Each structure stands twice: as C-alpha cells, then as structure tokens.
Amino acid sequence: MENSQKKQVFLFYCAECEDLARQVASQSDHITLQTIKWRTFDDGFPNIFINNAQDLRGQHVAFLASFSSQGVIFEQLSVIYALPRLFVASFTLVLPFFPTGSFERMEEEGDVATAFTMARMLSNIPISKGGPNSVLIYDIHALQERFYFGDHVLPLFETGIPLLKQRLHQLPDSDKIVVAFPDDGAWKRFHKQLDHFPMVVCNKVREGDKRIVRIKEGNPAGYHVVIVDDLVQSGGTLIECQKVLAAHGAAKVSAYVTHGVFPKRSWERFTHKDGLEKAFAYFWITDSCPLTVKAVGNKAPFEVLSLAGSIADALQI
C-alpha cells in the first residue's frame, strides 16, 4: 500500500500490552501511540481517563486489549465502549487472544457457551461515526465463532502461522521438518496453511479409564517434528504427543501454539532444567498473552514470535 493511501492510526493499549503496542508502533510511521490513565477509586472500581480525547475526532482509533483474567475485562470494556463515541472515523479492537474460544458449544443442557457471551459483549461496542467496528483476533479456537458476533462489529480473523513458517525456513534442518497435529481438530484448523510439509496426525483413544495418545497417520521417524495447535493450557496433551513421536523415531520434537495461556505457571513443565531430558527442542509462542511472554523470558526452549508486524498491517485494512 502506498504511503499516500495509508491511514494514520491512533493506538491505545492496556497496561499489559505496552511492550507489544510499542513494537506495533515501531512497524509503521502511520501508527501513533496514545495513553490512558488507569486509576482506581478507593472501592477498587476503575477511575479511567482517556488523554487527548478531543484530538480523536475524525481519526482512526484502535485499542490493543488483553483479557487475561476476569478482573481486567471490565476496565478495558469501559474504554472500548467509550472510544467509538468520541466521533472517531473508525474503531478497531485488537484482541489477539479470544480467551473463551474453547468454550464454544454445549454438550448437554445446562452448559454455558461463554464464547458466545464474550462475542455478545464485544458485539455491543457502540457504532462509530464511520460505521461498524472491527475486532481483530488471532487463531480463534473455532472459525464458526464468527457467527456469534452481531452486525455491529466486523470480526477479522488472522493467524500466526506465517510467523511459524518463516521461523521453520530459518532452521538448519528446514528440509527435515514434519508438522504434527495433536488431534483432528488441530488438523482441520491448520493443515491447509501447512500443506507443503509432511504431516503426522495424532488422536486420543480410550483404553479403560484412560485416554491415550496414538499416531493416527504419518511417520515421524528421522524428522524434526513440530506439533502445531492454536493454544496450550496445562500442556498435558503436548507432552503425551512428544512421548509418542519420540517413541516412533522422531529425531527432535518442537511445538508451536499461537496462544501460550499456561495457567498456574504450567510453562515450567517445558523449561530445560539441568540434568533433565530436553523433550522439546523449541517451543514457539506469539506475544498474544503478554503475561506469559514476561514469565518465560529467555528461558529455553521458549521463543516468542511477535505479532507486531501482522497487527500493524491489519490496522491498515
């Protein structure tokens, strides 16, 4: 896109996302960081002030959010609902990780699909002067969740897979890569984006009271196998996949997830500790979950693939 056609974007951000916001702004002269005063009243409820609000009239505005816990959602929603009302030309919510995405269906009467609840909350963002708002999300758990959003917002689904492909091509054994999926769901979600790599598909089968990971198709023997999924929580499935792949002759095993959620510091299960076998050669995550990025730091085998360039490009759509 020619510079004359690019729009100037004013980018606000939550406190957790400051590092990512600065990286996004560094990608383009057409993105200007803006600040918010995040304060609280004595009772603990938010006391928020949007700086330079009058200067936003007629401008393209975005907000970089992180819904990492229930406790931060309300204060960020307060800003998200306020910004479009400031007579902005357009408003884009950048929510790299849609946190309730894996709770998108009911298996029995009484289940609550909280992904639908979250989508409804975001669908009620006030329409800006320029029309419906955009919501940018990376690798949402199920693509059909786009239909959970109402007509007042336009969900834009992007993916971190190009970052993985770029990194794989940089490896010295890039010609010996096999991509593995931990289940059929991951295969359906990502195989078309990785179809130039040989593939292995795993699945879980029930043996008595246990669910055991097995290789459904493909051969990992002699290859550097990279397990690909959209997110990781405890990491138990990835660990079981690694064991099965290694047992079937994989030369090395690595993993990629767009969203390293890792509740209760479960990332510690994967770190290379002295005297312990290095089960994973690499574990790639993006910076969609800022608290995880800060926690893993430079700890092997973790590497962070930044979404900053992709977000900067998406803000010009």
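V225 counts as buried, because its relative accessibility is 0% and the cut-off for buried is under 20%. You'll find V225 in strand β12, in a model that is predicted. Let's start there and then look at the rest of the chain.

**V225 and its surroundings**
- If you skip the neighbours within four places in sequence, V225 is in contact with V178, A180, P220, L245, A250, K252, V253 and S254.

**Helix α6**
- Helix α6 covers residues 236–247, so to speak a run of twelve residues.
- From its first C-alpha to its last, α6 reaches 17 Å, which is close to the 16 Å expected at 1.5 Å a residue.
- Just after α6 comes G249, with a positive phi of about 95°.

**Q76, another buried residue**
- Q76 sits in helix α2, which runs over residues 70–82.
- Is Q76 buried or exposed? Q76 is buried, because its relative accessible area is 2%, and buried means under 20%.
- Leaving out residues up to four places away in sequence, Q76 touches C14, W38, F63, A65, S66 and F67.

- Have a look at the loop between β13 and β14, where you'll find K264 and R265.
- K264 has a phi near 55°, a positive value in a residue other than glycine.
- R265 also has a positive phi, near 55°, and R265 isn't a glycine either.
- R265 has 47% relative accessibility, so R265 counts as partly exposed.
- Further along, the peptide bond from A300 to P301 is cis, with omega near 10°.
- P301 is in the loop between α7 (290–296) and β15 (302–305).

**The whole chain**
- The protein chain has eight helices and 15 strands.
- A compact globule with 317 residues would have a radius of gyration near 20 Å, and the protein chain has 21 Å, so the two agree.
- Along its principal axes, the C-alpha trace spans about 65 × 50 × 35 Å.
- Buried residues make up 47% of the 317 residues in the chain.
- Take the contacts between residues at least 6 apart in sequence: 66% of them join residues at least 24 apart.

**Surface and charge**
- The chain exposes about 15900 Å², and carbon and sulfur atoms supply 49% of that area.
- There are 32 positive and 35 negative charges in the chain.
- How far apart are the mean positions of the positive and negative charges? They are 1 Å apart.

Technical notes:
Residues numbered from 1 in each chain as written. Predicted model: local features only at pLDDT ≥ 70, side-chain atom pairs only at ≥ 80, totals over all residues. Heavy atoms only, no water. Helix = DSSP H or I, 4+ residues; strand = E, 2+ residues; numbered from the N terminus. Rg over C-alpha atoms; globule rule 2.2 N^0.38 Å. Buried < 20%, exposed > 50% of the residue type's maximum accessible area, 1.4 Å probe, protein only. Contact = heavy atoms within 4.5 Å. Areas by Shrake-Rupley, 256 points an atom, 1.4 Å probe, with all protein chains shown as cover. Lys, Arg positive; Asp, Glu negative; His and termini not counted. Charge placed at Lys NZ, Arg CZ, Asp CG, Glu CD. Expected span 1.5 Å × (residues − 1).
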